[in-house]
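Dear colleague,

Please find the structure below, followed by notes on what was found in it.

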Amino acid sequence: MGWLFLVAGAFVALVGIFTELQYGYLPYNFRIITGLGILLAGIGVGHLVRYKAALKDEQSARRLTVEERDERTVLIRARAGNRAYWVSATLIYIGLMWASFAANGSLPALTGNTLWFFLAVGVLIPFGVYITSVLVDQRNL
Amino acid sequence: MKNQLEEFRVRNGWTQQELADRVEVSRQTIISLESGRYNPSILLAFRLARLFKLQIEDLFLYAEEEEHHG
């Protein structure tokens, strides 16, 4: 799992850096991609560090496994996933409605910068909702 | 739902971590259970009750009014 996040994060970050170097003249903020890649890689490193620490003694390994399967942890993640899903679905619905109204000229079309930032927000807001939900539920549950 | 988890844990001389290890949950889950912030699944409630050689209703006290008030 750690390696998966690390490799995916490194790949996304490299894509972000490459795109920024190659297509820097375009009016988009490619650092959002790089930042997301760094975040994923950071999560991967965190997983690997915990895994390496757990390998040192049997009790730590057992506790790590228990924590992963812990019912409260699973509940917190499920609630966060559910909230992030609904936020994501709402954003997609808003985008869909916008595109529909834009097609008949009622709203300006989502193109160029607007489309880019809408899609970036569509990725980052559900992610932010997930993280916030986990933090809030860890404190409240 | 109220419970007497802390009382029985202390009576057995166990730390929160020791109890967590025995029922295979995290220490944080035991903390949340003892403070009444988290209600366990029926499986965990059974595991805890059996560990203390009790019936579930001896360990967990269900109050219907609390459910209505959320």
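**Salt bridges and the interface**

D137(A) counts as buried, at 3% relative accessibility (buried is under 20% relative accessible area, exposed over 50%, partly exposed in between, with a 1.4 Å probe and protein chains only). Its partner in a salt bridge is R83(A), at 3.3 Å from N to O (a side-chain nitrogen of Lys or Arg within 4 Å of a carboxyl oxygen of Asp or Glu). This pair links distant parts of the chain, R83(A) being in helix α4 of chain A and D137(A) in helix α5 of chain A, 54 residues apart. Helices here are DSSP runs (H or I, at least four residues), numbered from the N terminus. R83(A) is partly exposed, with a relative accessible area of 34%.

The model is predicted: local features need pLDDT of at least 70, side-chain atom pairs count only at pLDDT 80 or more, and totals for chains, interfaces and linings use all residues. Residues are numbered from 1 along each chain as its sequence is written, chains are lettered from A and ligands numbered from 1 in the order in which they are written, and side-chain values use heavy atoms, with hydrogens and water left out.

Over all chains, the search finds 9 salt bridges. One of them joins R31(A) and E20(A) at 3.1 Å, N to O, and links helix α2 to helix α1 of chain A across 11 residues. R31(A) is exposed at 60% relative accessible area, whereas E20(A) is partly exposed at 28%.

In chain B, E34(B) and R9(B) form a salt bridge with their closest N and O atoms 2.5 Å apart. E34(B) lies in helix α3 (residues 27-34) and R9(B) in helix α1 (residues 5-11) of chain B, so the pair ties together parts that are 25 residues apart in sequence. Both are buried: E34(B) has a relative accessible area of 15% and R9(B) one of 8%.

Between the chains, 12 residues of chain A are in contact with 13 residues of chain B (heavy atoms within 4.5 Å). The count of salt bridges between chain A and chain B is 2; one of these is formed by D21(B) and R63(A), at 2.9 Å from N to O. The elements giving two or more residues to the side of chain A that touches chain B are α3 (58-69), α4 (71-103) and α5 (112-140) of chain A. Of these, α3(A) gives the most, with 5 residues.

Regards
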